[in-house]
Amino acid sequence: MKQAWTTFAARPVPRYTSYPTAADFAPDVAEAQAREWATSVAVDEPISVYIHVPFCEKLCFYCGCATSVPNGYGRIASYLETLHEEIDLWSDALGTHAGMSQLHFGGGTPNALSPEDFGQLVEHARIAFGRRADLQVAVEIDPRTLTPDFIDAMAAAGVTRVSFGVQTLSPKVQEAVGRIQPRELLVDGIERLRATGITAINMDLMYGLPHQTVEDVVEAAHFAADMGAARVSLFGYAHVPWFAKHQSAIDEAALPGLEARFQQAEAGAATLMNAGFHAIGLDHFAAPGDSLTRAARNGTLHRNFQGYTDDPCDTLVGIGATSISQFRQGYVQNLKARPLWRAAVEGKHLPSERGIALTDDDRLRARVIEKLMCQLWVDADATCKEMGAAPGALDDALETARFLQSAGLCRIDGNIVSVPKEARLLLRTVAQCFDGRYKPAEARHAKAV
(Lines give C-alpha, C1' and ligand atoms only; values in the text may rest on other atoms or scores of the structure.)
Protein backbone atom coordinates (compact mmCIF):
# COMPACT_ATOMS: atom_id res chain seq x y z
CA MET A 1 0.00 0.00 0.00
CA LYS A 2 1.32 3.43 -0.92
CA GLN A 3 2.41 5.51 2.05
CA ALA A 4 0.05 8.31 1.01
CA TRP A 5 -2.92 5.94 1.34
CA THR A 6 -2.41 5.00 4.98
CA THR A 7 -4.44 7.88 6.39
CA PHE A 8 -7.31 7.22 3.98
CA ALA A 9 -7.28 3.48 4.73
CA ALA A 10 -7.75 4.16 8.45
CA ARG A 11 -10.76 6.45 7.97
CA PRO A 12 -14.23 5.09 8.78
CA VAL A 13 -16.50 5.15 5.71
CA PRO A 14 -19.87 3.53 4.86
CA ARG A 15 -20.08 0.30 2.87
CA TYR A 16 -22.59 1.90 0.47
CA THR A 17 -24.86 -1.11 0.10
CA SER A 18 -27.48 1.64 -0.04
CA TYR A 19 -27.65 5.39 -0.29
CA PRO A 20 -28.62 7.04 1.94
CA THR A 21 -27.08 4.56 4.35
CA ALA A 22 -28.91 3.00 7.29
CA ALA A 23 -27.09 5.46 9.58
CA ASP A 24 -29.35 8.18 8.13
CA PHE A 25 -32.64 6.35 8.81
CA ALA A 26 -34.99 8.14 11.24
CA PRO A 27 -38.26 7.24 13.05
CA ASP A 28 -40.31 9.85 11.15
CA VAL A 29 -40.45 7.37 8.24
CA ALA A 30 -42.10 4.13 9.35
CA GLU A 31 -45.27 2.07 8.83
CA ALA A 32 -47.40 4.70 7.12
CA GLN A 33 -44.79 5.30 4.45
CA ALA A 34 -44.13 1.56 4.10
CA ARG A 35 -47.82 0.93 3.36
CA GLU A 36 -48.04 3.84 0.94
CA TRP A 37 -44.93 2.78 -0.94
CA ALA A 38 -45.98 -0.89 -1.04
CA THR A 39 -49.33 0.10 -2.54
CA SER A 40 -47.56 2.01 -5.32
CA VAL A 41 -45.83 -1.11 -6.71
CA ALA A 42 -47.14 -1.59 -10.25
CA VAL A 43 -49.19 -4.63 -11.27
CA ASP A 44 -46.57 -5.59 -13.89
CA GLU A 45 -43.58 -5.10 -11.55
CA PRO A 46 -41.71 -8.10 -10.07
CA ILE A 47 -40.36 -7.87 -6.53
CA SER A 48 -37.55 -9.39 -4.49
CA VAL A 49 -37.91 -10.70 -0.93
CA TYR A 50 -35.35 -11.06 1.86
CA ILE A 51 -36.13 -13.19 4.94
CA HIS A 52 -33.96 -12.79 8.04
CA VAL A 53 -33.28 -15.76 10.34
CA PRO A 54 -31.43 -14.28 13.35
CA PHE A 55 -30.20 -17.45 15.04
CA CYS A 56 -26.89 -19.31 15.19
CA GLU A 57 -25.93 -22.43 17.14
CA LYS A 58 -22.84 -20.55 18.29
CA LEU A 59 -21.75 -16.96 17.77
CA CYS A 60 -18.58 -16.40 15.76
CA PHE A 61 -16.52 -13.71 17.45
CA TYR A 62 -16.03 -11.70 14.23
CA CYS A 63 -19.73 -11.51 13.34
CA GLY A 64 -21.47 -8.14 13.13
CA CYS A 65 -24.86 -9.53 12.08
CA ALA A 66 -28.10 -9.27 14.04
CA THR A 67 -28.19 -12.79 15.47
CA SER A 68 -28.25 -14.76 18.73
CA VAL A 69 -28.01 -18.28 20.14
CA PRO A 70 -31.54 -19.71 20.57
CA ASN A 71 -30.71 -22.33 23.26
CA GLY A 72 -33.37 -24.70 21.99
CA TYR A 73 -35.77 -24.74 19.06
CA GLY A 74 -38.63 -23.09 20.97
CA ARG A 75 -37.43 -19.54 20.28
CA ILE A 76 -36.90 -20.37 16.61
CA ALA A 77 -40.39 -21.85 16.31
CA SER A 78 -41.92 -18.78 17.93
CA TYR A 79 -39.98 -16.45 15.62
CA LEU A 80 -40.98 -18.55 12.62
CA GLU A 81 -44.66 -18.24 13.49
CA THR A 82 -44.33 -14.45 13.41
CA LEU A 83 -42.42 -14.60 10.11
CA HIS A 84 -45.37 -16.34 8.51
CA GLU A 85 -47.71 -13.65 9.85
CA GLU A 86 -45.46 -10.87 8.51
CA ILE A 87 -45.38 -12.50 5.07
CA ASP A 88 -49.18 -12.25 4.95
CA LEU A 89 -49.12 -8.61 6.11
CA TRP A 90 -46.73 -7.64 3.31
CA SER A 91 -48.68 -9.67 0.77
CA ASP A 92 -51.86 -7.78 1.66
CA ALA A 93 -50.06 -4.41 1.66
CA LEU A 94 -48.52 -4.94 -1.79
CA GLY A 95 -51.66 -5.97 -3.58
CA THR A 96 -51.30 -7.17 -7.17
CA HIS A 97 -47.82 -7.26 -8.71
CA ALA A 98 -45.86 -9.44 -11.12
CA GLY A 99 -44.61 -11.93 -8.55
CA MET A 100 -41.41 -12.73 -6.72
CA SER A 101 -38.24 -12.73 -8.83
CA GLN A 102 -35.68 -13.36 -6.08
CA LEU A 103 -35.99 -14.86 -2.60
CA HIS A 104 -32.96 -14.57 -0.31
CA PHE A 105 -32.55 -16.12 3.15
CA GLY A 106 -29.91 -14.55 5.39
CA GLY A 107 -29.03 -14.34 9.03
CA GLY A 108 -27.77 -15.52 11.32
CA THR A 109 -28.04 -19.00 9.98
CA PRO A 110 -31.04 -19.95 7.83
CA ASN A 111 -30.18 -23.62 8.28
CA ALA A 112 -30.99 -23.14 11.96
CA LEU A 113 -34.54 -23.90 10.77
CA SER A 114 -35.66 -27.50 10.62
CA PRO A 115 -35.84 -28.93 7.09
CA GLU A 116 -39.63 -29.12 7.31
CA ASP A 117 -39.99 -25.54 8.55
CA PHE A 118 -37.68 -24.23 5.85
CA GLY A 119 -39.66 -25.96 3.10
CA GLN A 120 -42.94 -24.61 4.45
CA LEU A 121 -41.51 -21.08 4.67
CA VAL A 122 -40.37 -21.13 1.04
CA GLU A 123 -43.76 -22.47 -0.07
CA HIS A 124 -45.62 -19.81 1.91
CA ALA A 125 -43.52 -17.04 0.38
CA ARG A 126 -44.16 -18.41 -3.11
CA ILE A 127 -47.91 -18.52 -2.54
CA ALA A 128 -48.06 -15.10 -0.87
CA PHE A 129 -45.88 -13.24 -3.39
CA GLY A 130 -46.53 -15.20 -6.57
CA ARG A 131 -44.84 -18.11 -8.35
CA ARG A 132 -42.61 -16.81 -11.16
CA ALA A 133 -41.06 -19.40 -13.44
CA ASP A 134 -37.68 -17.62 -13.24
CA LEU A 135 -37.62 -17.39 -9.43
CA GLN A 136 -34.12 -17.51 -7.91
CA VAL A 137 -33.87 -18.79 -4.33
CA ALA A 138 -30.61 -18.16 -2.44
CA VAL A 139 -29.68 -19.31 1.06
CA GLU A 140 -26.75 -18.35 3.30
CA ILE A 141 -25.36 -21.45 5.02
CA ASP A 142 -23.25 -22.27 8.06
CA PRO A 143 -21.45 -25.46 6.93
CA ARG A 144 -20.92 -26.61 10.53
CA THR A 145 -24.64 -27.24 11.02
CA LEU A 146 -25.59 -28.21 7.48
CA THR A 147 -27.29 -31.62 7.52
CA PRO A 148 -28.14 -33.98 4.65
CA ASP A 149 -31.83 -33.52 5.48
CA PHE A 150 -31.56 -29.74 5.16
CA ILE A 151 -29.76 -30.10 1.83
CA ASP A 152 -32.58 -32.32 0.60
CA ALA A 153 -35.13 -29.76 1.81
CA MET A 154 -33.37 -26.98 -0.08
CA ALA A 155 -33.31 -29.04 -3.26
CA ALA A 156 -37.00 -29.90 -2.89
CA ALA A 157 -37.82 -26.21 -2.29
CA GLY A 158 -36.10 -25.16 -5.52
CA VAL A 159 -33.06 -23.44 -4.02
CA THR A 160 -30.84 -22.29 -6.88
CA ARG A 161 -27.85 -20.79 -5.05
CA VAL A 162 -26.13 -21.31 -1.70
CA SER A 163 -23.62 -19.00 0.00
CA PHE A 164 -21.11 -21.05 1.97
CA GLY A 165 -19.43 -19.40 4.95
CA VAL A 166 -15.80 -20.51 4.54
CA GLN A 167 -14.04 -17.39 5.94
CA THR A 168 -10.66 -19.11 6.57
CA LEU A 169 -9.11 -22.59 6.56
CA SER A 170 -6.40 -21.81 9.12
CA PRO A 171 -7.00 -23.81 12.36
CA LYS A 172 -5.25 -21.11 14.37
CA VAL A 173 -7.43 -18.34 12.95
CA GLN A 174 -10.57 -20.46 13.25
CA GLU A 175 -9.85 -21.00 16.94
CA ALA A 176 -9.23 -17.29 17.46
CA VAL A 177 -12.63 -16.38 16.00
CA GLY A 178 -14.62 -19.27 17.51
CA ARG A 179 -15.46 -20.99 14.22
CA ILE A 180 -13.93 -24.46 13.88
CA GLN A 181 -14.72 -26.09 10.54
CA PRO A 182 -12.20 -28.53 9.04
CA ARG A 183 -11.59 -28.59 5.30
CA GLU A 184 -13.13 -32.08 5.12
CA LEU A 185 -16.42 -30.77 6.52
CA LEU A 186 -16.54 -28.04 3.89
CA VAL A 187 -15.76 -30.41 1.04
CA ASP A 188 -18.40 -32.87 2.19
CA GLY A 189 -21.09 -30.16 2.34
CA ILE A 190 -20.24 -28.84 -1.11
CA GLU A 191 -20.24 -32.31 -2.66
CA ARG A 192 -23.60 -33.12 -1.07
CA LEU A 193 -25.10 -29.89 -2.40
CA ARG A 194 -23.92 -30.60 -5.92
CA ALA A 195 -25.24 -34.16 -5.73
CA THR A 196 -28.76 -32.77 -5.20
CA GLY A 197 -28.46 -30.38 -8.15
CA ILE A 198 -27.57 -27.18 -6.26
CA THR A 199 -24.50 -26.24 -8.28
CA ALA A 200 -24.31 -22.44 -7.91
CA ILE A 201 -22.24 -22.20 -4.73
CA ASN A 202 -20.90 -18.89 -3.48
CA MET A 203 -18.09 -18.78 -0.92
CA ASP A 204 -17.50 -16.06 1.65
CA LEU A 205 -13.87 -15.45 2.61
CA MET A 206 -12.38 -12.93 5.03
CA TYR A 207 -9.10 -11.12 5.58
CA GLY A 208 -7.89 -9.11 8.56
CA LEU A 209 -8.81 -11.77 11.14
CA PRO A 210 -6.68 -12.34 14.26
CA HIS A 211 -3.40 -14.16 13.55
CA GLN A 212 -4.29 -14.31 9.84
CA THR A 213 -1.46 -14.19 7.29
CA VAL A 214 -1.22 -13.60 3.56
CA GLU A 215 -0.62 -17.34 3.15
CA ASP A 216 -3.87 -18.08 5.00
CA VAL A 217 -5.89 -15.85 2.65
CA VAL A 218 -4.22 -17.33 -0.44
CA GLU A 219 -4.97 -20.85 0.82
CA ALA A 220 -8.67 -20.02 1.22
CA ALA A 221 -8.78 -18.40 -2.23
CA HIS A 222 -7.20 -21.50 -3.80
CA PHE A 223 -9.77 -23.65 -2.01
CA ALA A 224 -12.66 -21.60 -3.42
CA ALA A 225 -11.23 -21.88 -6.92
CA ASP A 226 -10.45 -25.59 -6.63
CA MET A 227 -13.97 -26.32 -5.36
CA GLY A 228 -15.51 -24.52 -8.33
CA ALA A 229 -17.14 -21.59 -6.55
CA ALA A 230 -19.51 -19.58 -8.74
CA ARG A 231 -18.90 -16.38 -6.76
CA VAL A 232 -16.46 -15.41 -4.04
CA SER A 233 -16.70 -12.50 -1.64
CA LEU A 234 -13.51 -11.38 0.09
CA PHE A 235 -14.54 -9.22 3.01
CA GLY A 236 -12.29 -7.36 5.40
CA TYR A 237 -13.03 -8.03 9.06
CA ALA A 238 -14.58 -4.92 10.62
CA HIS A 239 -13.64 -4.68 14.28
CA VAL A 240 -16.52 -2.76 15.85
CA PRO A 241 -16.86 -4.11 19.42
CA TRP A 242 -18.88 -1.03 20.43
CA PHE A 243 -21.57 -2.28 18.01
CA ALA A 244 -21.08 -6.08 18.10
CA LYS A 245 -20.34 -6.81 21.76
CA HIS A 246 -19.13 -10.39 21.20
CA GLN A 247 -16.23 -9.03 19.13
CA SER A 248 -14.64 -8.10 22.46
CA ALA A 249 -13.64 -11.79 22.65
CA ILE A 250 -11.12 -11.12 19.89
CA ASP A 251 -7.60 -10.21 20.95
CA GLU A 252 -7.00 -6.83 19.33
CA ALA A 253 -3.25 -7.32 19.61
CA ALA A 254 -3.55 -10.30 17.23
CA LEU A 255 -5.29 -8.29 14.50
CA PRO A 256 -3.24 -7.51 11.38
CA GLY A 257 -2.36 -3.86 10.84
CA LEU A 258 -3.49 -1.77 7.87
CA GLU A 259 -0.52 -2.68 5.69
CA ALA A 260 -0.96 -6.39 6.43
CA ARG A 261 -4.71 -6.18 5.72
CA PHE A 262 -4.01 -4.52 2.39
CA GLN A 263 -1.47 -7.19 1.46
CA GLN A 264 -3.90 -9.97 2.40
CA ALA A 265 -6.71 -8.50 0.32
CA GLU A 266 -4.45 -7.95 -2.67
CA ALA A 267 -3.01 -11.47 -2.46
CA GLY A 268 -6.47 -13.02 -2.21
CA ALA A 269 -7.72 -11.01 -5.17
CA ALA A 270 -4.68 -11.90 -7.28
CA THR A 271 -5.11 -15.59 -6.50
CA LEU A 272 -8.75 -15.56 -7.54
CA MET A 273 -8.15 -13.60 -10.74
CA ASN A 274 -5.23 -15.85 -11.68
CA ALA A 275 -7.67 -18.76 -11.29
CA GLY A 276 -9.98 -17.16 -13.86
CA PHE A 277 -12.41 -15.21 -11.68
CA HIS A 278 -13.55 -11.75 -12.76
CA ALA A 279 -13.20 -8.94 -10.21
CA ILE A 280 -16.60 -7.43 -9.43
CA GLY A 281 -16.55 -3.99 -7.85
CA LEU A 282 -14.95 -3.68 -4.44
CA ASP A 283 -14.71 -7.19 -3.01
CA HIS A 284 -16.55 -9.76 -5.14
CA PHE A 285 -15.28 -12.20 -7.74
CA ALA A 286 -17.32 -14.30 -10.17
CA ALA A 287 -16.67 -17.20 -12.51
CA PRO A 288 -16.68 -16.36 -16.25
CA GLY A 289 -20.08 -17.99 -16.85
CA ASP A 290 -21.82 -16.59 -13.78
CA SER A 291 -24.68 -14.10 -14.20
CA LEU A 292 -22.84 -11.58 -12.01
CA THR A 293 -19.98 -11.50 -14.53
CA ARG A 294 -22.46 -10.96 -17.37
CA ALA A 295 -24.16 -8.16 -15.43
CA ALA A 296 -20.81 -6.44 -14.84
CA ARG A 297 -20.00 -6.64 -18.54
CA ASN A 298 -23.34 -5.33 -19.82
CA GLY A 299 -23.80 -2.59 -17.23
CA THR A 300 -26.71 -4.13 -15.29
CA LEU A 301 -24.80 -4.83 -12.07
CA HIS A 302 -26.42 -3.43 -8.92
CA ARG A 303 -25.62 -3.16 -5.23
CA ASN A 304 -28.05 -3.77 -2.36
CA PHE A 305 -28.02 -4.97 1.24
CA GLN A 306 -26.90 -8.44 0.15
CA GLY A 307 -23.91 -6.98 -1.73
CA TYR A 308 -23.40 -7.05 -5.50
CA THR A 309 -26.34 -8.47 -7.44
CA ASP A 310 -27.84 -8.83 -10.89
CA ASP A 311 -31.32 -8.45 -9.39
CA PRO A 312 -33.12 -5.77 -11.46
CA CYS A 313 -36.06 -5.28 -9.08
CA ASP A 314 -36.74 -1.80 -7.68
CA THR A 315 -38.74 -3.27 -4.79
CA LEU A 316 -37.12 -5.40 -2.11
CA VAL A 317 -39.33 -6.51 0.78
CA GLY A 318 -37.42 -7.31 3.98
CA ILE A 319 -39.11 -9.72 6.39
CA GLY A 320 -38.01 -10.44 9.95
CA ALA A 321 -36.56 -8.38 12.78
CA THR A 322 -34.07 -5.69 11.60
CA SER A 323 -34.77 -6.38 7.89
CA ILE A 324 -34.72 -3.43 5.47
CA SER A 325 -37.19 -2.91 2.63
CA GLN A 326 -36.40 -0.82 -0.42
CA PHE A 327 -38.89 1.02 -2.62
CA ARG A 328 -38.51 3.65 -5.32
CA GLN A 329 -39.55 6.24 -2.75
CA GLY A 330 -37.16 5.21 0.04
CA TYR A 331 -36.17 2.67 2.67
CA VAL A 332 -37.86 1.32 5.81
CA GLN A 333 -36.31 -0.92 8.46
CA ASN A 334 -38.13 -3.34 10.73
CA LEU A 335 -37.98 -3.15 14.51
CA LYS A 336 -34.74 -4.57 15.89
CA ALA A 337 -36.05 -5.73 19.27
CA ARG A 338 -37.79 -9.04 18.60
CA PRO A 339 -40.49 -8.64 21.27
CA LEU A 340 -41.49 -5.29 19.76
CA TRP A 341 -41.31 -6.71 16.23
CA ARG A 342 -43.54 -9.62 17.27
CA ALA A 343 -46.04 -7.35 19.03
CA ALA A 344 -46.33 -5.11 15.95
CA VAL A 345 -46.95 -8.06 13.64
CA GLU A 346 -49.47 -9.65 16.01
CA GLY A 347 -51.24 -6.29 16.07
CA LYS A 348 -51.49 -6.46 12.26
CA HIS A 349 -48.97 -3.64 11.78
CA LEU A 350 -46.10 -3.67 9.33
CA PRO A 351 -43.22 -3.69 11.85
CA SER A 352 -41.40 -0.73 10.29
CA GLU A 353 -39.47 1.28 12.88
CA ARG A 354 -37.47 3.83 10.91
CA GLY A 355 -36.45 4.75 7.41
CA ILE A 356 -35.85 7.57 4.97
CA ALA A 357 -37.72 9.11 2.05
CA LEU A 358 -35.52 9.85 -0.95
CA THR A 359 -35.05 13.36 -2.27
CA ASP A 360 -34.08 14.09 -5.87
CA ASP A 361 -30.56 14.84 -4.64
CA ASP A 362 -30.47 11.46 -2.84
CA ARG A 363 -31.49 9.67 -6.04
CA LEU A 364 -28.80 11.43 -8.03
CA ARG A 365 -26.07 10.67 -5.52
CA ALA A 366 -27.30 7.09 -5.05
CA ARG A 367 -27.03 6.53 -8.80
CA VAL A 368 -23.51 7.95 -8.97
CA ILE A 369 -22.31 5.98 -5.94
CA GLU A 370 -23.79 2.73 -7.25
CA LYS A 371 -22.17 3.21 -10.65
CA LEU A 372 -18.82 3.95 -9.04
CA MET A 373 -19.08 0.98 -6.68
CA CYS A 374 -20.08 -1.37 -9.54
CA GLN A 375 -17.86 -0.28 -12.44
CA LEU A 376 -15.09 1.75 -10.72
CA TRP A 377 -15.86 4.82 -12.82
CA VAL A 378 -18.69 7.27 -13.31
CA ASP A 379 -19.48 10.15 -15.64
CA ALA A 380 -20.90 12.79 -13.31
CA ASP A 381 -22.33 14.98 -16.08
CA ALA A 382 -23.95 12.07 -17.90
CA THR A 383 -25.49 10.85 -14.65
CA CYS A 384 -26.88 14.32 -13.90
CA LYS A 385 -28.50 14.28 -17.34
CA GLU A 386 -29.82 10.74 -16.83
CA MET A 387 -31.40 11.67 -13.48
CA GLY A 388 -32.81 15.02 -14.65
CA ALA A 389 -30.48 17.04 -12.43
CA ALA A 390 -29.03 20.41 -13.30
CA PRO A 391 -25.58 20.45 -14.94
CA GLY A 392 -22.95 20.93 -12.28
CA ALA A 393 -25.12 19.46 -9.50
CA LEU A 394 -22.16 17.30 -8.48
CA ASP A 395 -19.43 19.91 -8.77
CA ASP A 396 -18.95 19.85 -4.99
CA ALA A 397 -18.23 16.13 -5.10
CA LEU A 398 -15.81 16.50 -8.00
CA GLU A 399 -13.91 19.17 -6.10
CA THR A 400 -13.59 16.82 -3.11
CA ALA A 401 -12.43 14.02 -5.40
CA ARG A 402 -9.64 16.22 -6.75
CA PHE A 403 -8.00 16.05 -3.35
CA LEU A 404 -8.03 12.23 -3.59
CA GLN A 405 -6.64 12.41 -7.11
CA SER A 406 -3.49 14.06 -5.77
CA ALA A 407 -2.96 10.93 -3.61
CA GLY A 408 -3.54 8.57 -6.52
CA LEU A 409 -6.86 7.19 -5.25
CA CYS A 410 -8.75 8.26 -8.35
CA ARG A 411 -8.36 9.95 -11.73
CA ILE A 412 -10.52 12.80 -12.98
CA ASP A 413 -10.86 13.40 -16.71
CA GLY A 414 -13.29 16.23 -17.25
CA ASN A 415 -16.29 15.02 -15.25
CA ILE A 416 -15.39 11.33 -15.34
CA VAL A 417 -14.08 9.91 -12.07
CA SER A 418 -12.33 6.53 -12.19
CA VAL A 419 -10.59 4.42 -9.58
CA PRO A 420 -7.37 2.63 -10.64
CA LYS A 421 -7.37 -1.10 -10.06
CA GLU A 422 -4.52 -0.77 -7.59
CA ALA A 423 -6.69 1.57 -5.46
CA ARG A 424 -9.79 -0.64 -5.63
CA LEU A 425 -9.73 -1.37 -1.88
CA LEU A 426 -10.22 2.35 -1.24
CA LEU A 427 -13.21 2.56 -3.58
CA ARG A 428 -15.56 3.43 -0.70
CA THR A 429 -13.38 6.43 0.15
CA VAL A 430 -13.84 7.79 -3.38
CA ALA A 431 -17.57 7.06 -3.28
CA GLN A 432 -17.80 9.06 -0.06
CA CYS A 433 -16.97 12.22 -2.05
CA PHE A 434 -20.50 11.99 -3.53
CA ASP A 435 -22.18 11.37 -0.18
CA GLY A 436 -24.09 14.54 0.64
CA ARG A 437 -25.14 13.23 4.06
CA TYR A 438 -21.81 11.91 5.32
CA LYS A 439 -20.98 12.74 8.94
CA PRO A 440 -17.56 11.53 10.16
CA ALA A 441 -17.78 9.52 13.36
CA GLU A 442 -15.39 6.87 14.68
CA ALA A 443 -18.13 4.60 16.04
CA ARG A 444 -20.40 4.83 13.01
CA HIS A 445 -18.61 3.00 10.20
CA ALA A 446 -15.81 0.49 9.66
CA LYS A 447 -12.38 1.51 8.37
CA ALA A 448 -11.92 1.81 4.62
CA VAL A 449 -9.46 -1.13 4.46
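The points below take the salt bridges in turn.

1. Please keep in mind that this is a predicted model. A search over the whole structure turns up 21 salt bridges, and I pick out a few of them here.

2. Have a look at Arg 161 and Asp 290, whose side chains form a salt bridge at 3.2 Å, N to O. Arg 161 belongs to strand S4 (residues 161-167), while Asp 290 sits in the loop between strand S8 (284-286) and helix H10 (291-298), so this pair ties together parts that are 129 residues apart in sequence. Arg 161 counts as buried at 14% relative accessibility, and Asp 290 counts as buried at 7%.

3. Next come Arg 192 and Asp 188, joined by a salt bridge at 2.9 Å, N to O. Both residues lie in helix H7 (residues 183-195), four residues apart, which is about one turn of the helix. Arg 192 is partly exposed, with a relative accessible area of 38%, and Asp 188 is partly exposed at 35%.

4. Lys 371 and Glu 386 also pair up through their side chains, at 2.8 Å, N to O. Lys 371 is buried, at 18% relative accessible area, whereas Glu 386 is partly exposed, at 42%.

Notes:
Residues are numbered from 1 along each chain as its sequence is written. This is a predicted model: local features need pLDDT of at least 70, side-chain atom pairs count only at pLDDT 80 or more; totals for chains, interfaces and linings use all residues. Side-chain values use heavy atoms; hydrogens and water are left out. A salt bridge is a side-chain nitrogen of Lys or Arg within 4 Å of a carboxyl oxygen of Asp or Glu. Helices (H or I, at least four residues) and strands (E, at least two) are DSSP runs, numbered from the N terminus. Buried means under 20% relative accessible area, exposed over 50%, partly exposed in between (1.4 Å probe, protein chains only).
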